[in-house]
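Please keep the sequence and the model in view while working through the points.

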Amino acid sequence: MLHTSAVDPFAHLHDESYASRYEAPVLGADGLIFVEGRSTLALDGEWRCTLDPFDEGLRQRWFADEPTPPAQWDAPRDYDSEGGRRVAVPGCVNLYDPTWLHYEGAVWFSREFDFVAQAGERVFMRIGAAAYQCRVFLNGVFLGVHLGGSTPFCVELRGVRNGRNRLQIQVDNSRQAGRVPMHHIDWFNYGGIYREVSLVKVPHVFIADFGATLAASPGHNRLRFDMTVSDAADGVGVVEIPALGLRAEIEVRGGVGRIEVDAVPVLWSPENPHLYTVHARFGQDSVSDRVGFRDIRVDAEHILLNGQPIWLRGICVHEEHRDMGKRSSEGTERAMLEDARALGCNFLRLSHYPHHERVARLADELGFLLWEEIPVYWAIDFASPATFRDAENQLRELIRRDRNRASVIVWGIGNENEDSDARYAFMSRLAAVARQADGSRLVSAACLINREKFMIEDRLAAHLDIVGINEYFGWYEPDFEGLSTLLGNSRPGKPVVITETGAEAVAGLRGGRRDLFSEDCQADIYREQIERIGKAPYVKGLCPWILYDFRSERRQTGYQSGYNRKGLIAEDRRTRKAAFDVLAAFYRDRAGVSHEGRGLTPP
Ligand code: GCU
């Protein structure tokens, strides 16, 4: 049945403003609910899935149809919510069917669920991530729209019924110039609901956000807690850390409360990833989290963790798996961290977008430091206010999601963005957003070098704690001496981390040091890079590009076949290349240096 005006059943064919009815309410950071320590109802599993490249679902209001067997239809339909392909959620649309690999556009997911409402309770749905634009419909009613392909969002299921409910979610992964990232990227554009979907029941007034961190104090002997509760309520919250014998009350006014208390926690570090169970209550609501307390700051050209200088032995990773796409599991995440450990890493750059929240939890548990970032990547539409709102919201969702993760030490606000006044305004505002949302971490970006002066210099650095630099001397720029010149010319006055360098190699292809795409060429470039980087006094970390080969449609030579081959391990996540051992040897040496006088064996 075409749900259009009673007069003309074909009006939708001529209405190009059809999407405007579904641009609000916008779901974003302020709508997130603190979920740690809560029981949730998983909606993962079998959903129905229908591709919709022409946006018929919104044009014809597919969501309005009650699911009925075709034999009962009183008019022809173009969509059957119960007739779509059965697929597993979480999952990537592109891997549901070999013919869908390059699909970009709208997809409709639907399923039914039974619900029993309790008096005084509210119910929200939380989606861990859906790429890229996501609209939610419950029982034929549009509830809201979310932008951003890698951060969680919540929507209150107003109108949920006792008994059977119909949930429909439209997800659109089309690449667009005004999105974040925009339409030109060097990774695969997976679409779909690729992280967990769950229902969260909360009391009428509930804890929407809760933070626990080490307060800024020289002796590392004060903790800060803050609590945000729904509906701007007033009252008294309670925080407890049994292992510290700590109990404190938080005065909440207008929905917000903050307190600092004296305490002497065992400080978290990669060598000693000590976590505390923290409980928080307000009214009828209670949550809990596992939190490590540590201090991260910069001092001149040093990065200090708990007051001690550190050197970041890193590696970049994409969230991409040959067989699972952008979906990950605890197993793949643990295996990735084991590979990073084997490499000798104490640091990972989760590029170029927020990875699954489990990765930061595992890093808390296993002792890794993390750089997390939003996909302000390459030529973003820096002049667009809507693009800024999208980037800002993704940054605030990421910070709200991972603010209690000790492992996260850097918020990355961009990657390889050419300098312009619009870019400078856009990203300096983003840096301010990060500091306002969370003053306890460092802010950085992967910057480009100043080619005119051939220096590490970017006016954005004034707003950054660490200057990230991407450089590919030896690969895209064959002359290694350029790196020596660059490092010798530069006086950044703050810590620099080489946030990308590397070269492509086909696993198993051997040759001479200048045989491009051979393992020997990649290994030689790592040796030459390490030789120079290791001597620069203000370089306090190295994060080569990248741990695993990954899909990218920009890479179409016979060596690449749709893969970017800069991995130190092939896309099978088993076959190591010669450069792996070159970097591992360097990190073993560095680990000895950075633990001088501390008597700690590196993790
Ligand atoms: C850039 C970019 C990466 C890209 C890499 C490469 O530095 O940040 O996303 O994959 O170069 O060229 O392989």
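1. Helices (H or I, at least four residues) and strands (E, at least two) are DSSP runs, numbered from the N terminus. With these names, His-352 is placed in the loop between β25 (347-350) and α3. The model under review is a predicted one.

2. Most residues other than glycine have a negative phi, and most peptide bonds are trans. The bond that joins Ser-351 and His-352 is a cis peptide bond, with omega about -15°. A cis peptide bond also runs from Val-180 to Pro-181, where omega is near 15°; Pro-181 sits in the loop between β11 (163-172) and β12 (192-193).

3. Asn-139 is not a glycine, yet its phi is positive, at about 50°. This residue belongs to the loop between β8 (133-138) and β9 (141-147).

4. Which residues come nearest to the ligand? Of the 14 residues around the ligand, they are Asp-186, Glu-416, Tyr-476, Glu-500 and Lys-566. By class, the shell comprises five nonpolar, four polar and five charged residues.

5. His-352 has a polar side-chain atom 2.7 Å from an oxygen atom of the ligand. For Asn-415, the distance from a polar side-chain atom to a ligand oxygen atom is 2.8 Å, and for Asn-564 it is 2.8 Å. The ligand taken alone exposes 310 Å², of which the protein buries 96%.

6. Helix α2 (residues 330-343) and helix α3 (residues 357-366) have axes that come within 10 Å and cross at roughly 45°. The two helices are therefore oblique to each other. The crossing in which α2 passes α3 is right-handed.

Key:
Residues numbered from 1 in each chain as written. Predicted model: local features only at pLDDT ≥ 70, side-chain atom pairs only at ≥ 80, totals over all residues. Heavy atoms only, no water. Near = heavy atom within 4 Å. Polar contact = N/O pair within 3.5 Å; in protein donor to acceptor, adjacent residues only side chain to side chain. Areas by Shrake-Rupley, 256 points an atom, 1.4 Å probe, with all protein chains shown as cover. Nonpolar A, V, L, I, M, F, W, Y, C, P; charged D, E, K, R; others polar. Axes fitted to C-alpha atoms, helices over the stretch in contact; angles between N-to-C directions. Parallel < 35°, antiparallel > 145°, perpendicular 65-115°, else oblique. Left-handed = near helix turned anticlockwise from the far one by under 90°.
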